[in-house]
Amino acid sequence: MTDLSKPLDSVHVYLLDDDEAVCDSLAAVLEMHGARIETFLSVNEMRAAQLENRDGVLIFDIQLQDGLGHELLAELRDRGITMPAILMSGNLEKGRLQSLSGLCEILLEKPVDGDDLALRIAAVLKPGNRSR
């Protein structure tokens, strides 16, 4: 039985952000909500992860030191990875929102509240809420 106080009970979250403090703080909050977190600090590190045939949620920062999170997400989609995705950025330009919305379920502006993120992840994972 799922613990209602932990809406992300055993959900795997793959978090990509080149700011280690952001990774650590979001991971800590999401773990309190029951998620299992794997963090990545670079596009290259994430690209090397074996995500095929895995379940979970991808959370990527858009602007990274070694690349762009949305370009990596498009690459993963081309590889057949269809798990839900959330993109986040400290600078979401309105013109980019429309072009990015087809890649992911949610676009968030930083700073991201970890508790709110947990609720959004849980909502995305509910049957019938996926856009792909």
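In which handedness of crossing does α1 pass α5? The crossing is right-handed, meaning that the near helix is turned clockwise from the far one by less than a right angle. This is a predicted model, in which local features need pLDDT of at least 70, side-chain atom pairs count only at pLDDT 80 or more, and totals for chains, interfaces and linings use all residues. Residues are numbered from 1 along each chain as its sequence is written, and side-chain values use heavy atoms, without hydrogens and water.

**View 1. Helices α1 and α5 pack together.** α1 spans residues 20-32 and α5 spans residues 114-125. Helices are DSSP runs (H or I, at least four residues), and strands are too (E, at least two). The angle is about 55°, and the axes lie 9 Å apart.

**View 2. Residues of α1 meet residues of α5.** From α1 come L26, V29 and L30. They meet G114, D115, L117, A118 and I121 (heavy atoms within 4.5 Å). The contact divides into 6 nonpolar, 1 polar and 1 charged.

**View 3. The largest nonpolar core has 22 residues.** Such a core is a set of buried (under 20% relative accessible area, 1.4 Å probe, protein chains only) Ala, Val, Leu, Ile, Met, Phe, Trp, Tyr and Cys residues joined through side-chain atoms within 4.5 Å. L8, V13 and I86 are among those with the most contacts inside it. α5 gives the most, with 5 residues.

**View 4. L117 touches L26, L30, I59, I86, L108 and V112.** Residues up to four places away in sequence are not counted. A second, separate core of 21 residues includes V43, M46, M83 and L100.

Methods. Axes are lines fitted to C-alpha atoms, for helices over the stretch in contact, and angles run from 0 to 180 degrees between N-to-C directions. Ala, Val, Leu, Ile, Met, Phe, Trp, Tyr, Cys and Pro count as nonpolar, Asp, Glu, Lys and Arg as charged, and the others, Gly among them, as polar. Buried means under 20% relative accessible area, exposed over 50%, partly exposed in between (1.4 Å probe, protein chains only).
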